[in-house]
Amino acid sequence: MKKAGLILALMLTTTLTFAQETPAPATTFAGSADMYYKYDFSNQQGNGLTSFTGAHNSFQLGMASIEASHKMGKASVFVDLGFGSRASEFTYNDAANTFMIKQLNFTYEFSDKFKVTAGSFGTHIGYELLDAVDNKNYSMSYAFTNGPFFNTGIKAQYTAGKVSFMAGVSNPTDFKSALDAGSTQKTFIGQIGYVGGTGSAYFNVTSGSVNPVSDKNVTQYDIVASKKITDAFSLGFNGTYASVADDFDSSLDGEWFSLVGYASYAVKENVTLAYRLEYFDDKDALSANAIGGNILGNTLSLNYKSGNLTFIPEIRIDSSSVDTFSDSDALPTGSNAYILLATTYTF
């Protein structure tokens, strides 16, 4: 009995020691938050036509994001939850709510070069990202506003050195469920990417049902590029073109496109100037804004960082070829200007 007890004690000690030496992978948490105050010189609410900054003369909470990720072996999961009006606008096809699932996806890495991701994930289209902390301009471009925002489906990615390839299939754009979309049509997505030492370039494509309610399908081609010129100065570009086809009436077919340039200059370590110039053409009135003309947008932002906190004073002036904005008398006009002060924090 003494010998058996000694063997059992030794086995337990060995097991406990092994468990202590090989702990289970920890869950990683991260998050961010933002808010802004905007003053529109027209003194009108909702006069801007881009996402997330529609309020006038009001202190606005943007979004609080909580992210969690966990990996064990070749499998991992990523959860991204959003709280606030920004999250609600992003997931506009879900039931109106200030708490939304922004992203939820599972990844399996078959090798260090090939992986498959399934679930809901942010779009690969465009230069700008949903979370305010990821952009140097607080207000969004027309290219971003006209989407797509996200896909729910499955995609595969292969990376070979500096070059990557991605292809996938999803529900109709911006729908987490085909049941909510009222359509089982699928959207096809793809990307070819190159990442170098001082720059990157991506060619993106998406094609499929974007809004089954109006029986429209969109094929969109998108180029995103960035280049670090010096340690302080960098440039970015986003060119996107969308061909819109109606399922039943070809006279409703058309297109819209946007060309966006970005320049960023670090004045000092914690102070950066960011300028965005955009030409948005929607002469066929087929974008979400249904402008029926073109808009030239100018945005200048200053980023002042103190630790994880960033202050963003910003001024924006948009000029349209048609009277798509409102003046101080609520009459149609071809220009819009506002200033805003935003705050972001990441943790």
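## Strands and rings: a short tour

Visitor: Leaving aside its neighbours within four places in sequence, which residues is Ser-264 in contact with?
Guide: Contact means heavy atoms within 4.5 Å. This is a predicted model, where local features need pLDDT of at least 70, side-chain atom pairs count only at pLDDT 80 or more, and totals for chains, interfaces and linings use all residues. Residues are numbered from 1 along each chain as its sequence is written, and side-chain values use heavy atoms, with hydrogens and water left out. With neighbours within four places set aside, the contacts of Ser-264 are Lys-136, Ala-232, Phe-233, Ser-234, Thr-272, Leu-273 and Ala-274.

Visitor: Is Ser-264 buried or exposed?
Guide: Ser-264 has its place in strand S12, residues 254-268; strands (E, at least two residues) and helices (H or I, at least four) are DSSP runs, numbered from the N terminus. Buried means under 20% relative accessible area, exposed over 50%, and partly exposed in between, with a 1.4 Å probe and protein chains only. At a relative accessible area of 10%, Ser-264 is buried.

Visitor: What kind of aromatic pair do Tyr-127 and Tyr-262 form?
Guide: The structure holds 17 aromatic pairs. Rings of Phe, Tyr and Trp (its six-membered ring) pair if their centres lie within 6.5 Å; planes under 30 degrees apart count as stacked, over 60 as edge-to-face and the rest as tilted. Tyr-127 and Tyr-262 lie 4.1 Å centre to centre with 15° between the planes, and the pair is stacked.

Visitor: How many residues apart in sequence are the parts that Tyr-127 and Tyr-262 tie together?
Guide: Tyr-262 is buried, at 9% relative accessible area, while Tyr-127 is partly exposed at 30%. Tyr-127 lies in the loop between S5 and helix H3 (142-145) and Tyr-262 in strand S12, so the distance in sequence is 135 residues.

Visitor: Which ring does Lys-176 lie over?
Guide: A charge sits over a ring if NZ of Lys or CZ of Arg is within 6 Å of the ring centre and within 35 degrees of the ring normal. Lys-176 is at 4.3 Å from the ring centre, over the face of Phe-150.
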